Amino acid sequence: MTQKSVLLIITGSIAAYKSLELIRRLRERGFLVRAVLSKSGAQFVTPLAIAALTENTVYNDLWSLKDETEMGHIRLSREADVVVVVPASADIIAKMANGLADDLASATLLANNKPLLIVPAMNSMMWNNKATQRNIAQLKADDAQIIEPASGMLACGEVGQGRMAEIDVIVEKIFSVLGTRQLLLSCKTAIVTAGATVEAIDPVRFLSNHSSGKQGYAIAQALADAGAKVTLISGQTALLAPENVKLIKVKTALEMLEAVENTLPADIGVFTAAVSDFRPQEIAKNKIKKKTGEAAPVIQLVENPDILKTVSNHKKRPKLVIGFAAETENLEKNASDKRKKKNCDWILANDVSGGKVFEGDSTEILFLTEQKNENWGKISKKQVAQKLVENIAINLTEKKGKK
Ligand code: CTP
């Protein structure tokens, strides 16, 4: 395995001293570590201590010609596999949430294109302040992963939530972000459906829906990044094909079902497609004309097959069958009933009332299995994909262990 590189952004909180221990632990595990130290971070730890432990230059000045020619704010994230803001002060959290970039730490974060972990540490009043909570919610929606601070006695003498997460937890999370992407699902096969199906009425008109396909494409990408062999069966979307994924484009629900059945068997099936429940019984050969004075034409509909349900009850059923539920009311009850009715293992339910979710990059998820019911809250579609892949990996490992 090639050496993985972690970029730490150390900002101004008393917990900055713990970042030294984190560097030591990451180095012991063979990571290459680079660090950016903010001006306020440097009030708590010295560049010398960080340089000695990382065995690398410490970066702290946006305007240093030397740093910009050798390793500027763009290259810092390009050459890392994961970026960790540790400790993350209320100030850097506010800057990130608003896209500010007036020093090296914030400019590097704005230019970042790698998975981002944020490890907040601050006084509990600052943590609980509505502004900080707003900023954290925004960052989650923007795809950052937050390692929540713990509760307990704080450095300022007050008791409450704000203490930086334990180093073990941070190291584990870094492993999970990097490991998941590479190893967890190697040798597994997956089918993902995505996008909207299109059902022709006549040569120019059709029945379809607002699905963008973003969630399914993100899941296909995350599964492939975790090493799975993925076939993505996609209806209409405006998205580019994910990397390392076999893409089969279809139009109608019938074509989608056929492509899915032809791709079985698979270990994992994730059904995110917004399939038209009905299709016109007949497709008019010619464009339907309006005739003045006559009643509007009636389009007779017939029901489409339910792809998720068919696969859940298939003789080649994948070990894990996962569906989505788009609901506009009674989210939990309807989604739970849907899971049972369709005989799938898990349902990810989201509230689509008022057209929210379809086009956007974030969503709100309720994760339902036979055993549990987890609220994932407001979360980006990429993070849903990441979390789902982690759950799939754990589940398949447990099942293997039971045999
Ligand atoms: N689904 C499917 N084939 C269909 C309809 C739905 O595979 N013909 C799958 C979707 O991909 C999703 C799940 O079933 O994973 C639930 O879809 P949803 O639109 O929420 O539910 P419906 O079954 O269409 O039920 P309703 O419209 O009554 O809510």
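In what order do the six strands of the open sheet stand? I looked this up first, in what is a predicted model.

**Entry: the sheet.** I read the order as β3-β2-β1-β4-β5-β6, and the pairing is parallel. I then checked the edges. β3 (58-59) and β6 (145-146) stand there with a single partner strand each, so one side of each has no neighbour in the sheet.

**Entry: one pair.** I picked β4 and β5. Residues 82-88 form β4, residues 116-120 form β5, and the two pair in the parallel sense over four bridges. I found V85 opposite I118 of β5.

**Entry: helices on the sheet.** I turned to α1, residues 16-28. This helix packs on the sheet and touches β1 (5-10), β2 (32-37) and β4. The direction of α1 makes about 175 degrees with that of β1. Next I took α2, residues 47-54. Helix α2 also packs on the sheet, where it touches β1, β2 and β3. I noted about 170 degrees between the directions of α2 and β2.

**Entry: helix α8.** I followed α8 through residues 130-141. Its 12 residues reach 16 Å from first C-alpha to last, close to the 16 Å expected at 1.5 Å a residue. At its start, a side-chain oxygen of N129 comes to within 2.8 Å of the backbone nitrogen of A131. Just after α8, I saw that D143 has a positive phi of about 100 degrees.

Which residues of α8 are buried? I listed T132, N135, I136, L139 and A141. I also looked up what covers them. The cover includes the helices α5 (90-98) and α7 (124-128), along with strands β5, β6, β19 (362-368) and β20 (373-380).

Notes. Residues numbered from 1 in each chain as written. Predicted model: local features only at pLDDT ≥ 70, side-chain atom pairs only at ≥ 80, totals over all residues. Heavy atoms only, no water. Pairing = 2+ DSSP bridges. Contact = heavy atoms within 4.5 Å. Axes fitted to C-alpha atoms, helices over the stretch in contact; angles between N-to-C directions. Expected span 1.5 Å × (residues − 1). Buried < 20%, exposed > 50% of the residue type's maximum accessible area, 1.4 Å probe, protein only. Polar contact = N/O pair within 3.5 Å; in protein donor to acceptor, adjacent residues only side chain to side chain.
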